[in-house]
Amino acid sequence: MRKMTRFWRHWMKFRSLFIPDGPHGDLARGRQYRPFLKSCGTFFKVYSQAFIYNPNGLSVGDHVCIGFNAYIGAGGDVTLEDGVTLGPFSMVAPSTRQRKDRSFRWGGIVSGPVRIGAGTQVAAHACILHGVTLGRGCAVAAGAVVNKSHPDDVVLGGVPARVLKTLDDTKEQE
């Protein structure tokens, strides 16, 4: 794994300007991040304008897709298992600021690992916060803020996110 430095971050942003949109470009952007990732499966796609601040802390499985303008922040390790899709403008925030002396500016940073289970879909503008583990096959609704862990096969929505429905593959879905 190559260490992400300021030089490489700027170089990757510059190179991305010349990668076309579309399926071939998405795969090319995924290949561009590959040397910096903890681990990377096959068919890793990164749509245009998506930004991974700390690729050295990111592990991705097979067929992972990071949508247009999605953001994966720094601070803690992030694991995206097989078949995870992050929608456009979604955010994974493995760290946050603490409050000290009535100010968040001087309070320090709290971080924790984020794990998103295989086959999970995170919709547009959703936010996954530090220390969260999402089970396999979950669906996170648009605009949801997930601040605690949830089990397999649930639909999450709201601020803060709560279970809206449990998915059951044995029944026909509505």
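Buried stands for under 20% relative accessible area and exposed for over 50%, with partly exposed in between, computed with a 1.4 Å probe on the protein chains only. The model is predicted, so local features need pLDDT of at least 70 and side-chain atom pairs count only at pLDDT 80 or more, while totals for chains, interfaces and linings use all residues. Residues are numbered from 1 along each chain as its sequence is written, and side-chain values use heavy atoms, with hydrogens and water left out.

**Stop 1: Arg115 and Glu81**

Select Arg115, which counts as partly exposed because its relative accessibility is 38%. Which residue forms a salt bridge with Arg115? The partner is Glu81, and the closest N and O atoms are 2.9 Å apart. A salt bridge here is a side-chain nitrogen of Lys or Arg within 4 Å of a carboxyl oxygen of Asp or Glu. Arg115 sits in strand β12 (residues 114-116) and Glu81 in the loop between β7 and β8 (85-86), so the pair ties together parts 34 residues apart in sequence. Helices (H or I, at least four residues) and strands (E, at least two) are DSSP runs, numbered from the N terminus. Glu81 is also partly exposed, at 21% relative accessibility.

**Stop 2: Asp77 and Lys38**

Next, select Asp77 and Lys38, whose side chains meet in a salt bridge with an N to O distance of 2.6 Å. Asp77 belongs to the loop between β6 (71-72) and β7 (78-80), and Lys38 to the loop between α2 and β1 (39-40), so this pair ties together parts that are 39 residues apart in sequence. Asp77 is partly exposed at 36% relative accessibility, and Lys38 is partly exposed at 42%.

**Stop 3: inside helix α2**

Move to Asp26 and Arg29. Both lie in helix α2, 3 residues apart, about one turn of the helix. A search of the whole structure gives 4 salt bridges.

**Stop 4: strand β18**

Select residues 154-157, which make up strand β18. Val154 and Leu156 on one side and Val155 and Gly157 on the other are all buried, leaving both faces of the strand covered. Two strands pair if DSSP finds at least two bridges between them. Strand β16 (residues 139-140) pairs with β18 in the parallel sense over 2 bridges, and Ala139 has Val155 as its bridge partner. Strand β19 (residues 162-166) runs antiparallel to β18, joined by 4 bridges; here Val155 stands opposite Lys165. The hairpin of β18 and β19 has 4 residues between the strands, and Gly158 takes a positive phi near 100 degrees there.

**Stop 5: the largest pocket**

Finally, display the largest pocket, which holds about 320 Å³ of space. Of its 17 lining residues, the closest to the centre are Met12, Lys13, Ser16, Gln49 and Ala50. Elements giving two or more residues to this lining are α1 (6-16), α2 (23-33) and β3 (51-52). The largest share, 4 residues, comes from α1.

A pocket is an open set of points on a 1 Å grid over the protein atoms alone, where a 1.4 Å probe fits, with protein on both sides within 12 Å along at least five of seven lines; lining residues have an atom within 4 Å of a point. Its volume is the space filled by probe spheres set on the points, which are joined across faces, edges and corners.
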